[in-house]
Amino acid sequence: NFGIMRPVMRHELLGVRIDDLSVLELDEKLESWLEENGGHTIATPNAEFLLLARKNPTFADLLNRSDLAMADSVSLQYAVAALGEQRLEHRVPGVDLLEKLCDLSARRGARVLLLGGAPSAVESSAQKIRQKFETLDVVAVDPGHIDWKESRLEVVDELVDRINEIAPSIVAVALGQHKQEQFIAQVKGRCPSVKIWIGVGGAFEMISGQKRRAPHAFSRLGLEWLWRLWIEPHRWRRIANAVIIFPLAVARETLRRGTLLRSTKNVFSEIYRQWFV
């Protein structure tokens, strides 16, 4: 085995762990989790997640304690190229990861619970998923308004009881960054049937068709932000965080490390791979 370069399975990016699994490795892990006891957690960090994690150690800890953290956006691949020793080879957007879990559940006879998001979006998402995976048992639940109380969420017992009545194997939580990860951390120990928890952000709006997903070419080239700006101009502040503030934070880190020139070369190499290879 000497001389064989093995893929890097894990990266550290601005204090947050990013896992790097191939499609085969990811499939094997998810299938094994469905056969095990205990709720495994999946996070799908993007640039906004990492910016918030830098300011909020509690959120950073939640991400780093997840069992799997798959990069949601190509901007993380560019950032790893700038700050890491190896490339971030694989990323899986949260929407695609949820679809993968639904496919696996349909084949395994496992129940999926969609929780959160706008009530119309979560119900419509469940219908769209049933149309695509006809044998899948999928349930949609509106959790109502969940408030913060200092560093914890006020989760009513009735909601936990409802989850346990449904007894799903997989729960996809769409409450937005930090809130969904905190929710999972608080309730997973009280829901013994759940094998896999995943935070999915705005995935239900995309699955339901309420928000149009960026064309594949935009996603591959890392131009999802441009598509989002076109269809949701009111989100320009959040888009600016991902497109301007995050790259500046990465550039500042390269200056601190004294690697600006080498990092710039690595980023341009990554851009070439994403755009032309």
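In this predicted model, the side chains of Asp-103 and Arg-107 meet in a salt bridge, with a nitrogen-to-oxygen distance of 3.5 Å. Both residues belong to helix α5, and because they are four residues apart there, about one helical turn separates them.

Arg-108 forms a salt bridge with Glu-31, and the closest N and O atoms of the pair are 2.9 Å apart. Arg-108 lies in helix α5, which spans residues 94-108, and Glu-31 lies in helix α1, which spans residues 23-34, so the bridge ties together parts that are 77 residues apart in sequence. Arg-108 counts as partly exposed, with 37% relative accessibility.

Asp-137 forms a salt bridge with Arg-111, with 2.6 Å between the closest N and O atoms. Here Asp-137 comes from strand β6 (residues 137-141) and Arg-111 from strand β5 (residues 111-116), so this pair links parts that are 26 residues apart in sequence. Asp-137 is partly exposed, with a relative accessible area of 32%, and Arg-111 is partly exposed as well, at 30%. Salt bridges that share partners also join Arg-87, Glu-89, Glu-270 and Arg-273 into one network. With a cut-off of 4 Å between the nitrogen and the carboxyl oxygen, the count of salt bridges comes to 16.

Helix α3 (residues 57-64) and helix α8 (residues 179-187) pack at an angle of about 65°, and their axes are 10 Å apart. The crossing of α3 and α8 is left-handed. On the α3 side, the contact is made by Thr-58, Phe-59, Leu-62 and Leu-63, while α8 contributes Glu-181, Gln-182 and Ala-185. Sorted by class, the residues in this contact are four nonpolar, two polar and one charged.

Definitions and conventions
Residues numbered from 1 in each chain as written. Predicted model: local features only at pLDDT ≥ 70, side-chain atom pairs only at ≥ 80, totals over all residues. Heavy atoms only, no water. Axes fitted to C-alpha atoms, helices over the stretch in contact; angles between N-to-C directions. Helix = DSSP H or I, 4+ residues; strand = E, 2+ residues; numbered from the N terminus. Left-handed = near helix turned anticlockwise from the far one by under 90°. Contact = heavy atoms within 4.5 Å. Nonpolar A, V, L, I, M, F, W, Y, C, P; charged D, E, K, R; others polar. Buried < 20%, exposed > 50% of the residue type's maximum accessible area, 1.4 Å probe, protein only.
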